[in-house]
2 protein chains.
Amino acid sequence: MVKRNPHMAKLSGGYLFPEIARRKKALLEKNPSAKVISLGIGDTTLPLTPYICSALLDAAKKLGTKEGYSGYGDEQGMTALREKIAKVLYHGSADSDEVFISDGAKPDLGRMQILFGADATLAVQDPSYPVYVDGSVIVGATGPYNQKKQQYASIIYMRCTPKNRFFPDLAAQPRTDLIYFCSPNNPTGAVATKQQLKKLVDFAKQNRSIIIFDAAYAEYIEEKGLPKSIYEIPGAKEVAIEVNSFSKTIGFTGVRLGWCVVPKQLVYEDGSSVHKDWNRITTTIFNGASNLVQRGGLAALDAEGLTEMKQTVDYYKENARIIKTALDALGFETYGGRNAPYIWVRIKGKKSWDAWSELLEQKHIVTTPGAGFGPGGEGFLRFSSFGRREDVLLAVERLKRDKL
Amino acid sequence: MVKRNPHMAKLSGGYLFPEIARRKKALLEKNPSAKVISLGIGDTTLPLTPYICSALLDAAKKLGTKEGYSGYGDEQGMTALREKIAKVLYHGSADSDEVFISDGAKPDLGRMQILFGADATLAVQDPSYPVYVDGSVIVGATGPYNQKKQQYASIIYMRCTPKNRFFPDLAAQPRTDLIYFCSPNNPTGAVATKQQLKKLVDFAKQNRSIIIFDAAYAEYIEEKGLPKSIYEIPGAKEVAIEVNSFSKTIGFTGVRLGWCVVPKQLVYEDGSSVHKDWNRITTTIFNGASNLVQRGGLAALDAEGLTEMKQTVDYYKENARIIKTALDALGFETYGGRNAPYIWVRIKGKKSWDAWSELLEQKHIVTTPGAGFGPGGEGFLRFSSFGRREDVLLAVERLKRDKL
């Protein structure tokens, strides 16, 4: 018979967000009238904005005409979109040839894990977005799970806590091939400064590591001087890939569109090109994002689209401010929520899954337990700001009514 | 420094179709006025049909409204679409829980290769769709490439030739964990009969192998009695996964939509569920097909959509008939082209890449060299029927003008 892939067997539990959905569903079965508010998964709720939406309509219409129809697209994604991303978002710090259009950051990270394979050692921030870890387990880049430590063997977990201002002590970290780094951070909402990213780039250069920089929340940065891209750091193109997404900026979580930048100067030990291997991966086991959807991305980078994008981001940022202000007033120790759509909240004296269950059962509010993001998340809850305003306000009322 | 993934290094040359595009581009640079006709890649050319197109328009409009907006979708894809696929296309032989919506067969096959991992042994038909082989190389399931044999070590190449009516001699094949099988076949156009598929299922049962059955061209079957799904064979659900796509039936090559069926009774040696691991893969490194696009798939399975689908398929089948008839009249030995959108043509006394180049340079017709599908394709060319009618007629005229 066929043996189960031993790496699949290593995975501890289900993927975080389906697990949360299952527990929410269980509550609703027990208590069908409960009006549950989700501040859990980072799932957008605002409708698509008019200019971007009408671009999708136009694109669909065109596909119904002889002149406007197209089948398989350009190899790395629609050339016009790659050029526009390079120009509008990177201002020349990335070439359009280095941009690859994807169906979102998550599947792109999955393909990247295949690119580097089972032999690539890795470090993650702890806590971190679960895909860095789970995807690495699946391709065999880790050892077994240690239930006690809540860690997979051979992953370096770089602890990020309020104490170190959520930036790891790099001097204490061993060398790894890959370093996953997310800023603005999911889940902590911390944003790395230019100096911190410079340290990270220097560390990678010194160790000849490759940084996989997740900038999916870059547009939430409002403070001047905070870098929106790793490529704002001189020399970063020699050591960093950047992953990004249209999910949280124009509400494309379900519509699916993202991109990554793989610089041409990035090489392996044998001198061969990372970019070339990445092109081979994407042309072989991927067929590009939907052509229809790519037209929406193109519109998002027009002047009108960028204005709408800012409105969407501002709406969720106001949500974040409301949640953070309420939690602060209730005496919680909170982080993030500014320059980032997540609020990271310390829950004193409780395990995060227990606090999570209490909040769900007593207040019918879904959050995300910090422990779901790695052992470094224990004792925290993540609040997402992607809900509807009325739900956010209702959740805040419920929180205030009686203390947790 | 970071070592190159040794499996990436094993890959011989680029992925087939980008390679062809590069050679076509080179000709156009040399001869800019050439009107090149593509009968190469299986890329659709008919515009989207009205009913399906208007469903995409409606879906885009809805995403712009508060009531109609949605973010991340259901775990395995839109429930309504999974239910409709199960009902309309499988008539109860697959349950909606066993259907997973994808962004197309190619990326789904890539994820499947990750599912089974590096230790899974495999057999492919030879010739075959290159993704079965290349994707397996990438995840490390093969040995090195043997330039002389034009084969990767440890893949079982099941030769399919006119002599064995394109069905391998299973008795002569060693056991493998996975058997990739495509019917109607890409590239040969051969369609397996019920008896042949029963043999295949029996062989898999006896060896406790898993068949990955690629049914992407099933709707091209017109002859009664030829199976459109492996699940028409009793007991197939114990041994087979089926992969399928909306690309070639409703012109979604660029729009991106497909599905697969992973039966619940499929288990590994340790008794654990393949379905459960597949769910874990798809929720962890995939985020579903675009919600917008899934609405198009839903419309395609309405009565109006199915009528349009038939019209689209009939158009390409008529193209296939035109190409096949012309090639037959010119004295070529042809296969497929009925119940299948590909015509497989023997080129006597020539290497297929040489014949391919001649056809491109002398007649400005792009086909696909048989050798690109594996050593068993040497000496053949594949003609695709997905061109526009006027181009197909023009190509046929050019072919007739003087013999190749």
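Student: Which residues in H10(A) do A:Ala80, A:Leu81 and A:Lys84 in H4(A) meet?

Tutor: Keep in mind that we're looking at a predicted model. H4(A) covers residues 79–90 of chain A, and H10(A) covers residues 291–300. On the H10(A) side, the partners of that trio are A:Gln294, A:Gly297 and A:Leu298.

Student: And how many nonpolar, polar and charged residues does the contact of H4(A) with H10(A) have?

Tutor: Let's sort them by class. Ala and Leu count as nonpolar, Lys counts as charged, and Gly is among the polar ones. So the contact of H4(A) with H10(A) comes to 3 nonpolar, 2 polar and 1 charged residues.

Student: Are H4(A) and H10(A) roughly parallel or roughly antiparallel?

Tutor: Two packed helices are described by the angle between their axes and the distance between the axes. Here the axes sit 9 Å apart, and the angle is about 30°. Angles under 35 degrees count as roughly parallel, so H4(A) and H10(A) are roughly parallel.

Student: What relation do chain A and chain B have?

Tutor: Superposing chain A on chain B takes a rotation of 180° with 0.0 Å of shift along the axis, and the RMSD is 0.0 Å. That is the relation of a two-fold axis.

Student: Which residue of chain A has the C-alpha nearest the axis?

Tutor: Stay with that two-fold axis. The nearest C-alpha in chain A is 2.7 Å from it, and belongs to A:Leu57.

Definitions and conventions
Residues numbered from 1 in each chain as written. Chains lettered and ligands numbered in written order. Predicted model: local features only at pLDDT ≥ 70, side-chain atom pairs only at ≥ 80, totals over all residues. Axes fitted to C-alpha atoms, helices over the stretch in contact; angles between N-to-C directions. Helix = DSSP H or I, 4+ residues; strand = E, 2+ residues; numbered from the N terminus. Parallel < 35°, antiparallel > 145°, perpendicular 65-115°, else oblique. Contact = placed C-beta atoms within 7 Å. Least-squares fit on C-alpha atoms with pLDDT ≥ 70 in both.
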